[in-house]
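My notes follow in the order I took them.

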Amino acid sequence: MARAFFGGVHPKGEKELSRDAAPVPIRPKTVTIFLSQHIGAPCRPLVRVGDRVTLGQRLGDGEGLCAPVHASVSGTVVAVEPRPHPGGTDMPAVVLENDGRDTLCPTIQKRASPLTLPPDELIAIIREAGITGMGGAGFPTGAKLASAVGKVDTVLVNGAECEPYITADDRLMRQTPERVLGGLRVICRILQPKRAVVGIERNKLEAIAAMRAAAGSEAELLALRVRYPQGAEKQLIQAATGRQVPPGGLPAAVGCAVFNAATCAAIYDAVYDGMPLVRRIVTVTGRALARPSNLLAPIGTPFSELVEACGGFREPPERIFVGGPMMGIAQHTLDAATIKGNNALTCFAASERRRRAAAHCIRCGKCIDVCPMHLTPVFLFRAQQRGSIEALERGNVLDCIECGSCAYICPAGLELVQSFRTAKKIIRDAQRREAEK
């Protein structure tokens, strides 16, 4: 039985724009492979301008907490330089000119019986495939698995996809459920949990049916209540198990490990087919587009080519987000390109923008009522405005999951999430300076 979690909101879904659009493969003219697409140390480039590369070839790698990056097309390296990143800054990248042939790297080969391999070898395969979390912060999956061995009794597959507008995971589960479940089998081989659960919101009936048929008795299928942010890691754990991750804690603290559905599919591709993470389904949507779609796009596809594949704009966009309207990041250029964690590009028309007349906090407390992490956004916002690190830490701002529920409900239209992102950066910078003393 799915349990309730505290707080949350019910934004308009708008998923009908792309829900019925089956993923269409696209072939961009160029791809921009950023050398940092994950939490941890950035990669060092392993190629130079003029090199010929094949699909799946490693382009960058590093030591420590790092996930390698691979060529998502075959072609020629035309630049190794900073390029516009979806995060809003210029980041080092390898730029490839696509030759249109998809010549496969000769090291990529299928494995006959991968589930007979020991857990440490499976973790090494996942690490070498460059797999990171594909529904959140982008933590390297190999490191996540290694740290969870012997600590969890429950593995959860996150198929909630509660963010408005986005249907990428819905289409993935409907069309290739065997890949998602195959990846789950690999995870269970490594972690040896007592329970495996696939959580999907109840409004995704086709995905639930497809995943239930593919899972059989191997995993429980949990139909989740439709409430945002049901797909947040800690809220999913509470809904599936009744356990609450403590402030500052990780899921392993309550015996759980959570993996996005797309991450599971990428694990299947790596372990069974030997294919690194080089492409994913991206929802390109919004009423500014001529034809909202789901695209099977190589990692590094420029946003401009995603828009072109959807027939371009039917009207000038009011705002463009990578991701959805609740947690997405506004973009200032379509020259940026997708990274592993990008599941959507949302192009809003003027009619979709929510406008509010008020300009300052009226202390109504609505943000406190909807915060799923039991935080007090109104006081955190004031603490950030006056630069009080002590008050921000006392208010547990680092526990903010940046879901946007507070900003959605705020009658004053305050930029609460951006305020908390700034606050978290200030705190982490201060902690880093203190550690360096």
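I found Gln192 in the loop between α4 and β10 (195-201). Helices (H or I, at least four residues) and strands (E, at least two) are DSSP runs, numbered from the N terminus. This is a predicted model, where local features need pLDDT of at least 70, side-chain atom pairs count only at pLDDT 80 or more, and totals for chains, interfaces and linings use all residues. Residues are numbered from 1 along each chain as its sequence is written, and side-chain values use heavy atoms, with hydrogens and water left out.

I looked up phi next. Gln192 has a positive phi, near 55°, and is not a glycine. Most residues other than glycine have a negative phi, and most peptide bonds are trans. Is Gln192 buried or exposed? Its relative accessible area is 54%, so Gln192 is exposed. Buried means under 20% relative accessible area, exposed over 50%, partly exposed in between (1.4 Å probe, protein chains only).

Asp102 also went into my notes. Its phi is positive, about 50°, although Asp102 is not a glycine. Asp102 sits in the loop between β8 (90-98) and α1. Asp102 counts as partly exposed because its relative accessibility is 26%.

Then I checked a peptide bond. From Tyr228 to Pro229 the bond is cis, with omega near 5°. I placed Pro229 in the loop between β11 (220-224) and α6 (233-241).

I turned to a helix pair. How do α1 and α4 cross? The axes of α1 (residues 119-128) and α4 (residues 177-191) come within 8 Å and cross at roughly 135°. That makes α1 oblique to α4. Angles under 35 degrees count as roughly parallel, over 145 as roughly antiparallel, 65 to 115 as roughly perpendicular and the rest as oblique. Axes are lines fitted to C-alpha atoms, for helices over the stretch in contact, with angles from 0 to 180 degrees between N-to-C directions. On the α1 side, I listed Pro119, Leu122, Ile123 and Ile126 in the contact (heavy atoms within 4.5 Å). On the α4 side are Val186, Arg189 and Ile190.

Last, I looked at the cores. The largest nonpolar core has 47 residues, and Val180 and Leu191 have the most contacts inside it. Such a core is a set of buried Ala, Val, Leu, Ile, Met, Phe, Trp, Tyr and Cys residues joined through side-chain atoms within 4.5 Å. Helix α7 (residues 261-273) gives the most to this core, nine residues. Apart from this core lies another, of 22 residues, including Leu375 and Val417.
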